[in-house]
There are 2 protein chains.
Amino acid sequence: MSVVLSLKGKKVAVRMKAVSAAVQAGESDKRGRKASKETRRQQLIEATIDSLAKRGYSETTLADVADGAGLSRGIVNFHFESKEKLLIATLQFMADEYAAHWGAALEKAGEAASSQLWALVAADFDRKICTKRKLAAWCAFWGEAKSRPTYQALCGARDVKYQDLFVALCAQLKAEAPYTYDAETIALALSAMMEGLWFRLMMGDGLTREKAHGAAIEYLVSVFPGHMTHQGPK
Amino acid sequence: MSVVLSLKGKKVAVRMKAVSAAVQAGESDKRGRKASKETRRQQLIEATIDSLAKRGYSETTLADVADGAGLSRGIVNFHFESKEKLLIATLQFMADEYAAHWGAALEKAGEAASSQLWALVAADFDRKICTKRKLAAWCAFWGEAKSRPTYQALCGARDVKYQDLFVALCAQLKAEAPYTYDAETIALALSAMMEGLWFRLMMGDGLTREKAHGAAIEYLVSVFPGHMTHQGPK
DNA sequence: TTATATTGAATGAATATTCAGCAAGTATGT
DNA sequence: ACATACTTGCTGAATATTCATTCAATATAA
């Protein structure tokens, strides 16, 4: 019995190292055995994001994911059912997290369209969302999205709602001050720019989150001089 | 002998259909047998772009490429040496084509920085470069680039030279008129926006090349009002 | 004990790579 | 002109590899 225990102990210890970032939320300690179904799923999703970020989509294997989570080979097919479903769940998770994040930012912002637009832009460059790790995972999915309707729907220019809201806010600002620009064009330009900045951030190049955010702000100020300053909405 | 010939003839005829877009340049007729090494390589590269665009990176197989080129299974390993090398050659080809294209556009533009900047932006949305097919192929590589130094170098924010030129032109314009913006920030914002617009174009969504180009122009005009109009540089 | 989570070896499908051989061209000798 | 040897692009079946999936055995919790 004691032999079995000590072997077990060693095994678990070795695995703990690999688990790393996973399972930050709740039920943290039920490792080794018996974590709730949801916890395990979350743990595997985090490991998937890790692998996508490190190895890219085409090199991500179930073995990587299982190793990264510190679990055995067959585990993914037990909790998800196939690799495909794990990947979809992972993308779903990221999309939900992203939507929740800008939703919350919008809540906190005031009523004014200018405050809301400012908040949306800031949310995109927030530490919580804008991690190299997560950007890389997004990018891995983007690369496959065009040829996979399921991915495309979930990536979907980061949500149709988001895009519509963007247009609405730009239109609102235009109604409040005599800008000559077409609201839809500006919304398109701004959101495309933010996507491009995300991409550059992911690629490295010494671009920082602050600099990227600064570039977006510069744009806001130059297009909506009546509403925006470098320090925030008027 | 006649039997052999007719069989051959049929085989070739069937294959011609699949070859499609490939081999537009020079040596066009040496099909069936004995096309120069370079022609064959080019043909395979075109088939690779096709496959990347249609199936995405992770689903592109050597069988797809060979079928698409109307050639046999072993052909890729004969002309390139491995799948990896085929993909690198393909990316290299696209990068070279892209660089040559904006280089030519720059030549044709006048001496003025404003004309040159205008020309660079226009070049990005030119029919020759900005095809759904090619954008999709680019995107396939982008998705893998972060985890592969070789790809990263070739994608490299579409060339360091390009980026430097961009900054230089923005700085030049700033020197000619009292814009308050930081040249580097504007160059970053503009090039990020163009990448984002490319991405959106590739994803579909009913965005057209003209609309995307229009959004970029809108930005130029709003940031450099002293130099740009919607119709062109002043 | 029973039910459930987990393991890890075995399986099989997909696919990159190899290679022996074939056929179309090319050069050399007669 | 014809025959011969030689080169080279190309083929497709065979092989090797990688990896998702399955499942019988095992460990754990209730």
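Modeller: Here is a walk from the pair of chains down to the helix contacts. This is a predicted model, where local features need pLDDT of at least 70 and side-chain atom pairs count only at pLDDT 80 or more, while totals for chains, interfaces and linings use all residues. Residues are numbered from 1 along each chain as its sequence is written, and chains are lettered from A and ligands numbered from 1 in the order in which they are written.

Start with the two copies.

Now the contact between them, where two residues touch if their C-beta atoms, placed from the backbone, lie within 7 Å. Chain B puts in 39 residues and chain A 36 residues. On the chain B side, H2 (37–55), H7 (132–145), H10 (183–203) and H11 (209–223) each supply at least two residues; helices here are DSSP runs of H or I, at least four residues long, strands are E runs of at least two, and both are numbered from the N terminus. H10(B) gives the most to that side, with 13 residues. By class, the side of chain B that touches chain A has 20 nonpolar, nine polar and 10 charged residues (Ala, Val, Leu, Ile, Met, Phe, Trp, Tyr, Cys and Pro count as nonpolar, Asp, Glu, Lys and Arg as charged, and the others, Gly among them, as polar). Of the interface residues of chain B, 92% are also interface residues in chain A, so the copies meet through the same surface.

Next, H10(B) and H11(B). Their axes come within 10 Å and cross at roughly 165°, with axes fitted to C-alpha atoms over the stretch in contact and angles running from 0 to 180 degrees between N-to-C directions. That makes H10(B) roughly antiparallel to H11(B); under 35 degrees would be roughly parallel, over 145 is roughly antiparallel, 65 to 115 is roughly perpendicular and the rest is oblique. From H10(B), the residues in this contact include B:Leu190, B:Met194 and B:Leu197, and H11(B) brings in B:Ala212, B:Ala216 and B:Tyr219 among them. The contact of H10(B) with H11(B) has 11 nonpolar residues, no polar ones and two charged.

H2(B) has two partners worth a look. With H7(B), the packing angle is about 80° and the axes are 8 Å apart, and the two helices are therefore roughly perpendicular. B:Ile49, B:Leu52 and B:Ala53 of H2(B) meet a set in H7(B) that includes B:Ala136, B:Ala137 and B:Ala140.

By class, the contact of H2(B) with H3(B) splits into four nonpolar, four polar and three charged residues.
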